[in-house]
Structure formats: structure tokens, C-alpha cells
Amino acid sequence: MNLLFEIHLLFLLSAKKVSFVGASLYEYQPEQMHLSFGETVRDLVVTWTTNQRTNASICKYGRNAVESTKVNTESPRLFIKYIHRVTLKNLKENTCYKYYCGSDLGWSRKYWFCVPQKNENWSPSLAIYGDMGLTYAYSLPYLSDDVQNRMYNAVIHNGDFAYNLESEDGERGDLFMKQIENIAAYVPYMVSVGNHEAAYNFSHYRKRFAMPGESEGLYYSFNLGPVHFVAFSTEVYFYLQFGYEPYCNQYSWLENELRESNRPENRENRPWLITYGHRPMYCSNDNINECSIKENVIRTGDPNKDLLGLEELFYNYGVDVEIWSHEHSYERSWPLYNYTVLNGSLTEPYRNPRAPVHIITGAAGNIESQDSFSGDLPEWSAFRSQDFGYTRLKAVNKSHMYFEQFSVDKETVIDKFWISKDRVEPYFKNANQSYYSQSIDSISYSNSFSKQNLVCT
């Protein structure tokens with residue numbers, strides 16, 4: 001009898017041990033896998049999380065089988081969960097890889113990614129959108145299908161994630177990051193910060209994502225084909241309780257970045273200059289958001305707070321396209337500066353446009369639903385729609401770019417247009433010389449003020 005009891009006790013202990021080990025291994029299982037560009041497009045940063053700390057963060061990758069192993073021996077950073085990062089450097093251009101990551105305590109499933117060319121002589125394609133939540137993410141299945149069909153070289157999510165990343169002690173953010181794996185684990189998921197990331201000084205955004213540069217993803221740039229992309233934070237204008245330093249650092253960086261991108265050799269190689277930030281300068285929505293006010297802080301600044309706006313800066317340095325979100329709708333402008341339409345010509349408005357084109361794409365889908373429009377279409381606005389959906393960009397070459405808006409509601413493209421340039425010079429060969437036939441001085445600027453930025457000195 002005692003022997004039977006001991007056997008039974010050993011069986012129970014063995015069963016509990018198996019159960020315990022199984023539960024423990026789950027705690028080390030990688031999740032929330034996502035990619036981003038490193039300092040070049042040949043460097044990819046892989047980020048994932050585990051519930052428990054591991055001794056190393058490892059990625060194994062190769063074109064057909066495992067050919068390389070990259071180990072980050074630094075301890076993963078604890079933020080809600082343990083965040084792991086491994087940078088795969090000097091990848092082969094025009095090559096697709098299979099990869100999986102984790103540690104000896106648990107591995108992810110296999111994913112794939114494709115490395116683009118580093119030079120400018122090819123035609124990248126991107127999906128671009130903002131304001132996608134955990135729930136009512138209507139665009140997500142269509143985006144996932146596009147990515148699995150290898151339609152894009154990268155995706156840009158222009159602010160407002162999950163609604164919100166920090167909610168339920170970060171669990172909502174964790175679920176959102178799992179939800180976008182079907183996109184973000186296969187193509188670089190490039191992001192900018194929105195107002196819904198403001199909690200705890202944007203810490204969930206800054207810790208969860210890894211973008212190029214040293215600003216924790218608040219502002220950065222990257223090259224893709226003939227395009228130079230510049231990401232920035234509009235939120236530095238609205239959350240001054242976190243201090244003026246983020247605004248000052250960003251404005252100084254933007255000036256230097258745009259000046260550098262306009263060096264003749266740089267603009268010759270990459271003639272297209274695209275910026276993206278969350279809150280727009282212009283919109284025709286029927287709400288009280290900043291863009292519905294003519295003299296808003298993003299566009300013209302605020303002299304009372306010693307804040308410089310961005311419209312004149314972007315115009316002076318010949319930004320071609322300014323991409324925005326925040327409004328839960330889609331809107332495309334004519335070439336536009338200071339509420340003045342500066343089309344290339346009456347018959348071909350987007351051929352040699354004389355000002356930047358503004359695109360609002362904030363209708364990916366979230367719990368706050370769509371934003372309505374006010375009155376008739378204003379003269380500066382070319383097209384607008386409340387449909388849920390997202391924007392596609394193909395930079396065909398150094399002289400032509402193509403945009404289209406895919407409507408999830410109608411399951412078809414509802415807007416498309418080309419922008420073309422017969423010459424590759426920027427609008428302004430330098431900040432003081434006009435590239436347009438109509439100079440910056442001939443257009444009255446309604447809210448100009450001294451550019452001596454006292455808070456940043």
C-alpha cells in the first residue's frame with residue numbers, strides 16, 4: 001500500500017512539473033514581432049517581446065535555410081513586458097530572407113522579409129495611413145492581404161495606435177502589436193507619433209518602436225528609392241508640459257535635415273522629398289481640430305509661445321508632398337501654400353507643381369469612427385472622402401510619383417493622381433532663392449513673426 005501511494009505521489013509531482021514547465025516556456029515565447037529600417041535600408045531592426053526575461057535575444061535568418069545567426073547579448077529592456085531588439089546589418093540587396101527569433105527557451109514561427117535596393121534607381125511602393133485602432137481596424141485585413149502578396153516595400157503608420165497603447169496597463173497596446181504582426185513582421189513598419197500616444201510622455205510609443213536616428217522615433221529620416229522621407233512629431237507643439245526641449249531639438253533637426261537634403265548632389269539623387277506628421281495644416285472637416293482654423297500652430301506657429309510653424313520651412317526647402325492623418329477621413333489638396341493654389345498649370349496641376357501637395361490619410365479605422373466634412377469643397381481641396389481606407393504610393397522614378405486611395409467601404413480605388421517634375425531641382429535652390437516663378441515674398445504671409453526662437457537659445 002505504501003508503495004502504491006509513493007508511485008501515485010511521484011506521478012502527481014511529475015504531472016505538476018510538466019505543467020509548470022509548459023507554463024514557463026509560454027512566458028518566454030516571442031510575440032509582437034515587427035520590423036523597421038535601421039540606419040540604411042540594408043539594416044533591419046527586429047523587435048519582439050516576451051513575458052519573462054531571457055539571457056539573449058537571437059535571430060536566425062537566411063535565403064532558403066538558416067545561414068546566419070545574430071545575437072544581442074544585452075539584456076532585454078523591461079517595459080510592461082521584456083522588449084528584445086536585434087539589428088540585422090548589411091543584408092543583401094534585392095534579396096528575400098526567411099527568419100525567426102527568440103532564445104533557447106522559445107522561438108517564434110518563421111517569417112520573411114525582402115531587402116530593397118540601397119540606391120535610388122528603382123520604384124518603391126508603400127502603404128500609408130494613420131489612426132488605426134485595436135477595434136474597428138477595418139483596413140487591417142486588406143493591408144495584410146496586400147503585404148502577403150508582396151505589394152509594398154514598407155508601411156507608414158502616421159500616428160494614433162490601438163486607442164490607446166497604454167490602456168489597461170498596456171494590454172491594449174500588446175494586443176494591437178500582436179494584431180499587426182501580419183503586416184509588421186514582413187515589411188518595415190515605419191511610424192510617427194500622434195496625440196493618442198501622449199500618455200506618460202509618449203513612453204509607450206518610444207519604447208515599443210525602434211526608428212532610425214537618436215530621437216526615440218519622434219523625428220527621423222530614411223531613403224527609399226528616389227524618395228527622401230522625413231518623419232516628425234506634431235505633438236511637440238501641443239504638449240509643452242513636457243518642456244520646450246523636444247520642440248527645440250526637432251525644429252533644429254528639421255532645418256538641418258531639409259538643408260542637407262537640398263544639397264545639389266542629394267536632391268539630384270533623390271528629387272522627391274516627402275514629410276509625414278500626425279496633425280495636418282489644412283483640412284475641411286466639420287470639427288474643432290486645429291487644421292480647421294486658418295492660423296493654426298502647425299502651419300503658422302504661435303508667436304505668443306515662441307513657436308515657429310512648419311509651412312514656410314517646408315515650402316522654402318521644396319517639400320513635394322506633406323502627409324498627415326488625425327482627421328478620420330481622406331483629403332487631397334491642390335499644390336498649396338498659405339491657402340493659395342499654385343498648380344503647375346490649369347490643365348496639368350500636378351506637373352511641375354509650385355507648392356507642396358497635402359494628403360490626409362487618417363481613415364484606417366478605429367473606435368472613434370469617421371469625421372464629416374463642412375460645406376462645399378473649398379477651392380484648395382481637390383478630393384475628399386469619409387470612406388475607411390488607406391493610401392498607396394509608388395515612386396516610379398525621379399520624375400513621376402503615383403498615389404491612390406483604396407476604399408475599404410467600396411473595396412476599390414476611389415482616388416488616384418500623378419505628380420511629375422520635368423526637372424529635379426528643389427523649389428528653392430537655397431533658402432533665399434525662389435524656385436517658383438512667384439516668389440515667397442510676393443505672397444502675403446498672414447501670421448509671420450520674428451524667427452528668433454528665444455526659448456531654444
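Predicted model: local features only at pLDDT ≥ 70, side-chain atom pairs only at ≥ 80, totals over all residues.
Y205 and F209 are both buried. Across the whole structure, a search finds 37 aromatic pairs. Y205 and F209 form one of them: their ring centres lie 5.7 Å apart and their planes meet at 50°, so the pair is tilted. Planes under 30 degrees apart would count as stacked, and over 60 as edge-to-face.

F222 and F229 give a second case. Their ring centres are 4.9 Å apart and the planes make 15°, so this pair is stacked. F222 has a relative accessible area of 6%, so it is buried. F229 is buried too, with a relative accessible area of 0%. Some aromatic residues gather in a group: Y61, Y97, Y99, Y111, W112, F113 and Y186 make up one aromatic cluster.

Next comes the nonpolar core. The largest one has 111 residues. Y99, M132, F176, Y189, F229 and L310 have the most contacts inside it. Helix α6 gives the most to this core, with 5 residues.

Now the sheet. Strands of a sheet pair through backbone hydrogen bonds, either parallel or antiparallel. Here an open sheet of 7 strands runs in the order β15-β16-β17-β20-β24-β21-β25, and its pairing is mixed. At the edges are β15 (220–224) and β25 (381–385), each pairing on one side only. On average, neighbouring strands of this sheet are turned by 15° against each other, direction ignored.

Look at one strand pair in detail. β16 (residues 227–231) and β17 (residues 272–276) pair in the parallel sense over 5 bridges. Within this pairing, V227 stands opposite W272 in β17. Helix α6 (residues 245–261) packs on the sheet and touches β15, β16 and β17. The direction of α6 makes about 175° with that of β16.

Finally, turn to H157, which lies in strand β12 (residues 154–158). Is H157 buried or exposed? Its relative accessible area is 0%, under the 20% cut-off, so H157 is buried. What does its side chain meet in a polar contact? The partner is the side chain of Y189, at 2.7 Å. Y189 is also one of the residues with the most contacts inside the largest nonpolar core. Beyond its neighbours within four places in sequence, H157 is in contact with Y129, G130, D131, M132, F176, Y189, M190, V191 and S192. Among these, M132 and F176 also belong to the group with the most contacts inside that core.

Technical notes
Residues numbered from 1 in each chain as written. Heavy atoms only, no water. Pairing = 2+ DSSP bridges. Helix = DSSP H or I, 4+ residues; strand = E, 2+ residues; numbered from the N terminus. Axes fitted to C-alpha atoms, helices over the stretch in contact; angles between N-to-C directions. Contact = heavy atoms within 4.5 Å. Core = buried A, V, L, I, M, F, W, Y, C linked by side-chain atoms within 4.5 Å. Buried < 20%, exposed > 50% of the residue type's maximum accessible area, 1.4 Å probe, protein only. Polar contact = N/O pair within 3.5 Å; in protein donor to acceptor, adjacent residues only side chain to side chain. Phe/Tyr/Trp six-rings, centres within 6.5 Å; stacked < 30°, edge-to-face > 60°.
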